[in-house]
Amino acid sequence: MSYPKLSDEEIIQRGKEFYEKHIRSQVETVENIGKLISINVETGEYEIGDDLLVTSRRLQAKQPDAAIWAERIGYDAVYAVGGLLVRTIQ
């Protein structure tokens with residue numbers, strides 16, 4: 001397995017930027033709230049689903065060394081450990 005050319009910080013920054021500027025308005029729909037989105041931060045391609053591993057692997061099938069960032073649509077985190085996920089939209 002090859003590793004992304006970007007640092008963790010760059011992946012986070014690009015992922016958030018792609019989501020906010022180009023993707024959010026398209027995917028934050030009633031049927032997608034709570035689903036996971038994986039984004040290739042180099043191409044902007046994304047996959048939506050219920051399983052983070054599945055969405056990430058779909059992107060890796062297209063580009064094996066993809067730098068991938070993930071988010072839970074409409075929430076502040078992908079997973080909550082010992083706490084609660086907070087809805088970011090109503």
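In this predicted model, Asp51 caps the N-terminal end of helix α2, with a side-chain oxygen lying 2.8 Å from the backbone nitrogen of Leu53. Helix α2 spans residues 52-62, and within this helix Thr55, Ser56 and Leu59 are buried. Seen down the axis of α2, these buried residues fall within an arc of 95 degrees, so they line one face of the helix. The face turned away from that buried side carries the exposed residues Arg57 and Ala61, while the buried residues of α2 pack against β1, β2 (46-49) and β3 (68-72).

The largest nonpolar core has eleven residues, among them Leu6, Ile11, Tyr19, Trp69 and Ile73. Two elements, α1 (8-27) and β1 (36-40), each give two or more residues to this core, and the largest share, four residues, comes from α1. In soluble globular proteins, nonpolar side chains tend to be buried together.

Two members of this core, Trp69 and Ile73, are set side by side below by their contacts, leaving aside neighbours within four places in sequence.

| Residue | In contact with |
|---|---|
| Trp69 | Ile11, Ile12, Gly15, Lys16, Tyr19, Ile37, Ser38, Ile39 and Val41 |
| Ile73 | Tyr19, Val27, Glu28, Asn32, Ile33, Gly34, Lys35, Ile37 and Ile48 |

Ile73 lies in the segment after β3, and this residue is buried, with a relative accessible area of 0%. Although Ile73 and Arg24 are 49 residues apart in sequence, their C-alpha atoms are 8.3 Å apart in space.

Notes. Residues numbered from 1 in each chain as written. Predicted model: local features only at pLDDT ≥ 70, side-chain atom pairs only at ≥ 80, totals over all residues. Heavy atoms only, no water. Core = buried A, V, L, I, M, F, W, Y, C linked by side-chain atoms within 4.5 Å. Buried < 20%, exposed > 50% of the residue type's maximum accessible area, 1.4 Å probe, protein only. Contact = heavy atoms within 4.5 Å. Arc of directions from axis to C-beta. Polar contact = N/O pair within 3.5 Å; in protein donor to acceptor, adjacent residues only side chain to side chain.
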